[in-house]
Amino acid sequence: MSQSAIAPGNAGLVATTPPGGSSRRKPAAIRRFRLGDVPAAYLLLAPVLILFAFSVIYPLADTVRLSLFDIKGLGKPKFVGLGNYLALFNDPDFRRVIVTTFTWTVMSTVLSVGIGWMLAIVCAFSPQATLIPRMVIFAAFGISEAVTGFMWAGIYRPDAGGMLNGILGFVGLGQFAHPWLGDSQTALWCLIVAYSWAQVGLPLIVIFAAAQAVPRSTIEAAYMDGARPLAIMWHIIAPLAMPGVRVAIFINLLGSLRAFDMIYILTAGGPVRSTETVGYFMYRESFTQFKLGYGAAATMILLAAVLLVSIPAILQRTKEAR
């Protein structure tokens, strides 16, 4: 028998409590309404899903298919299964490319995010006074990698017409002039500096936005307690801006893994393949050596690296959103 209770001031309105508990069930009409929304939702998503299938799913599936064949130029494809992948990991050039890619990705991310982080914390103290510097730095991020590459090619020119060598000669350090991009010992590091310079703008803006979200009352309380500006930057603003730092690291890591334009323009993977990353290796094997299957296998390795970086970050952001 269910128990009945009459709410005060509402005689005649009876609230029933089901036996064994007080949980309320949603009306069947509401449940049917939400289930009926499902076909409409898929109908609205259909254009995006179709576009995604043609632009992402089909090329990805075709790349997986190509990676299982030995395709050389216009010759008849020969099915080799995982042979291309085994050949990649037995290729000393590809193993060196993996090391180069790791160095390139980590160092360019550390430089760009680290410099952007420091600039963002400084700008957070005086947003109005640092408006123009922020705009100038972010403008470099808006320039295409191809244009940036041509600009840095002029800076690294090996003769006296190069900006870097010209400055060294002007200040009396001409003995340090060097063919920066022509030496396998310095070419990769010069590329990392050029690429990091172009990527600082995004971490600056993202981390600056996170720093601006720090409550002003917290900073004012620290001032009243006698904290110095450097202590406030290091112990209050920097830790509370960490969500922006994580987003900047994620974006810059993915950008570094996919970088191609600047490498192609400045060094074309040289000298002696010292600046060749997985992305450039894929291009060289597919479009200059005409080994499409081998290049497709390298593409899948690059995709695996991108997923390895992106999936944990996406899962973490989803968990935080919940």
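I looked up what covers the buried residues of α5, and the cover includes α6 (163–170), α7 (187–199) and α12 (261–266). Helices here are DSSP runs of H or I, at least four residues, numbered from the N terminus. The model is predicted: local features need pLDDT of at least 70 and side-chain atom pairs pLDDT 80 or more, while totals for chains, interfaces and linings use all residues. Residues are numbered from 1 along each chain, and side-chain values use heavy atoms, without hydrogens or water.

In α5 (residues 145–155) I noted Thr 148, Gly 149, Trp 152 and Ile 155 as buried. They lie on the same side of α5, because their arc around the axis is only 110 degrees, taken from the directions from the helix axis to the C-beta atoms. Buried means under 20% relative accessible area, exposed over 50%, partly exposed in between (1.4 Å probe, protein chains only).

Next I checked Leu 173, in the loop between α6 and α7. Leu 173 is partly exposed, with a relative accessible area of 34%.

Which residues touch the most other members of the largest nonpolar core? Of its 20 residues, I found Ile 207, Ile 232, Ile 237 and Ala 241. A nonpolar core is a set of buried Ala, Val, Leu, Ile, Met, Phe, Trp, Tyr and Cys residues joined through side-chain atoms within 4.5 Å. Two or more residues each come from α3 (92–125), α8 (201–212), α9 (216–224), α10 (229–240) and α11 (242–257). Apart from this core lies another, of 18 residues, including Tyr 156 and Leu 188.

Note on methods:
Contact means heavy atoms within 4.5 Å.
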